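Hi everyone, thanks for coming.

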Protein chains: 2
Amino acid sequence: MTLAVFGSVGLDNIVTPAASVEGVVGGSAVYFSLAASLFTQVRLAANVGGDFPTQAWDTLRARGTDLSGLQVFADRPTFRWSGRYQGTMNEAETLATELNVLVEEPLVPDSYRDSRYLFLANMAPATQLEILQAFPQATAFADTMNLWIENERAALDSLLELIYGLVVNEGEARMLTGEHNLLRAGMALQNMGPDVVIIKKGEHGAFLFTPDGRFGLPAYPVENVVDPTGAGDSFAGGLMGSLAAAEDFGMDALRRAMATGTVCASLTVEAFSTSGLEAASLADVEKRYLELQDFLRFQ
Amino acid sequence: MTLAVFGSVGLDNIVTPAASVEGVVGGSAVYFSLAASLFTQVRLAANVGGDFPTQAWDTLRARGTDLSGLQVFADRPTFRWSGRYQGTMNEAETLATELNVLVEEPLVPDSYRDSRYLFLANMAPATQLEILQAFPQATAFADTMNLWIENERAALDSLLELIYGLVVNEGEARMLTGEHNLLRAGMALQNMGPDVVIIKKGEHGAFLFTPDGRFGLPAYPVENVVDPTGAGDSFAGGLMGSLAAAEDFGMDALRRAMATGTVCASLTVEAFSTSGLEAASLADVEKRYLELQDFLRFQ
């Protein structure tokens, strides 16, 4: 089933203990779509500048992604993000952000409006709310970030009441709820509106909260973390892609989707930028899925 | 099968965001034995002062623990530790340590020498090596801490070459190996000698490394963490107790033992001092074991 995603397209500068790269392809909508398109038909919507390399879309096109929602501002620069990872590389330190074309409202193509599933990647909650109104029939999941939790709380609260699922990291979950304990944070988030809450814990995996119960899993074990950028969006893409393909939001489907998401994140962190996800096939995902199952198995 | 443990008996002062307690029962050998004695016959060896409450041994005696190795120094004070937990309570900040009777060598009763399994809780590696020599036939696991990694590295390296299993937390694993990535740290630790390496990650669970493969699991989900003191020793006690009871160190037995350990740790953190483990029955452990299995299950 079709899955629409609204988010960012970016050019990233990334510093890690081992190496640095400049102007590489990034953005939440790109990572999300590269993961989700392994499983289902994706419709991408995002703003992009004239400086973004057009060949960056080749893999997504080959995976059947609809790019009608790509709004190109030919004379303006793409969103840019610079970040640094240190030590355990579990958290990025943002060095610089240039919003550029992200200040413009995204385009919502009419052809996207019958999408059955919707993912609103991190952006201003007022914009997320506006997009959401164009998809009254969709099952919608959303992400957010500390900036909006601090400065746009009212709009964010309205959004939380309307979405089916929330996907946040542990810091955001704690900030939104004031709860240190992640189980309590998850339950508090459910009380704010979403039926389904997912808390991403980076290298420590993720928790799932549903009306039917909870689920937890560690991350797929990766020995060589090269660049964690996009891991969370890849997780969300794998999750939503898996759910959309199954056309099922039951507890068992959600458990499988969480495992699929963590596998997609593992493919992302093993290489800079999107190259891990671009090189990956459905067979690669299935292989790691079975390895993860074996890694966690006990009688 | 019999399992001997050498470690500390202590009186702890503990400060948490919600409450504080003073002079409560603690120590690695106590937490370890309370967990392990749910599964197998335990032989405890530790030094204790005249100020330690004798009724603290009632539960261990009722669980069949042999206390012949308890060396009482009637006129001297018990080991004391003061610590504080903040925020996510994932790490203790040590406020004060009074070694007191811990400066004396532990007693190794002759009656303990035929123990099939041995756990050397955190203490000076030279002392661990000395004890180990009294148990040439035992399958031995050991713990350590940052102090010895920094100051007694040569003795610790000798110990690592002789033990079957190492149980450390993630900080210790990183410090011992210089590897940030825990999978690489685990493999590097195996190269230092132990066949089996277990890295404890607190609220994030634990990793297991064996010659036959790896295993990982998140912690049993606890909504109300009251006092994390002793969680690591309770984990080790549940792990070793489970292995000793099964008389099996194969991969499947180790997976079950890891899950048993995380359940024992969850019982400890829900209450101050040892009261969680003292109140627990084998049935409580089995119930949580099945809950953990369900929490992690995906097809």
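So, at what angle do helix α9 and helix α11 of chain B pack, and how far apart are their axes? Keep in mind as we go that this is a predicted model. Okay, let's find those two helices. In chain B, α9 covers residues 251-269 and α11 covers residues 282-296. They pack at an angle of about 115°, and their axes are 9 Å apart. That angle makes α9(B) roughly perpendicular to α11(B). As for handedness, the crossing of α9(B) and α11(B) is right-handed.

Which residues meet there? From α9(B) we have Ala259(B), Thr260(B), Thr262(B), Val263(B), Cys264(B), Ser266(B) and Leu267(B). On the α11(B) side, they meet Asp284(B), Val285(B), Arg288(B), Tyr289(B) and Leu292(B). Sort the residues of this contact by class and you get seven nonpolar, three polar and two charged.

Now let's hop over to chain A and look at the sheet. Nine strands make an open sheet with mixed pairing, and the order is β5-β4-β1-β8-β9-β10-β11-β12-β13. Look at the two ends: β5 (66-73) and β13 (213-217) of chain A are the edge strands, each with a single partner, so one side of each has no neighbour in the sheet. Going from one strand to the next, the twist averages 15°.

Let's stay at the β13 end for a moment. Strand β12 of chain A, residues 206-210, runs antiparallel to β13(A), and five bridges join the two. In one of the bridges to β13(A), Thr210(A) has Gly213(A) as its partner.

Helices pack on this sheet too. Helix α7 of chain A, residues 182-191, touches β10, β11 and β12 of chain A, and its direction makes about 145° with that of β11(A). Helix α9 of chain A touches β11, β12 and β13, and its direction makes about 20° with that of β13(A).

Last stop: how do the two chains meet? There are 25 residues of chain A in contact with 25 residues of chain B. On chain A's side, α7, β13, α9 and α11 each supply at least two residues. By class, that side has 10 nonpolar, eight polar and seven charged residues.

And what rotation superposes chain A on chain B? It's 180°, with 0.0 Å of shift along the axis and an RMSD of 0.0 Å. The two copies are therefore related as by a two-fold rotation axis. The same surface serves both copies, with 100% of the contact residues of chain A recurring in chain B.

Notes. Residues numbered from 1 in each chain as written. Chains lettered and ligands numbered in written order. Predicted model: local features only at pLDDT ≥ 70, side-chain atom pairs only at ≥ 80, totals over all residues. Pairing = 2+ DSSP bridges. Helix = DSSP H or I, 4+ residues; strand = E, 2+ residues; numbered from the N terminus. Axes fitted to C-alpha atoms, helices over the stretch in contact; angles between N-to-C directions. Contact = placed C-beta atoms within 7 Å. Nonpolar A, V, L, I, M, F, W, Y, C, P; charged D, E, K, R; others polar. Least-squares fit on C-alpha atoms with pLDDT ≥ 70 in both. Parallel < 35°, antiparallel > 145°, perpendicular 65-115°, else oblique. Left-handed = near helix turned anticlockwise from the far one by under 90°.
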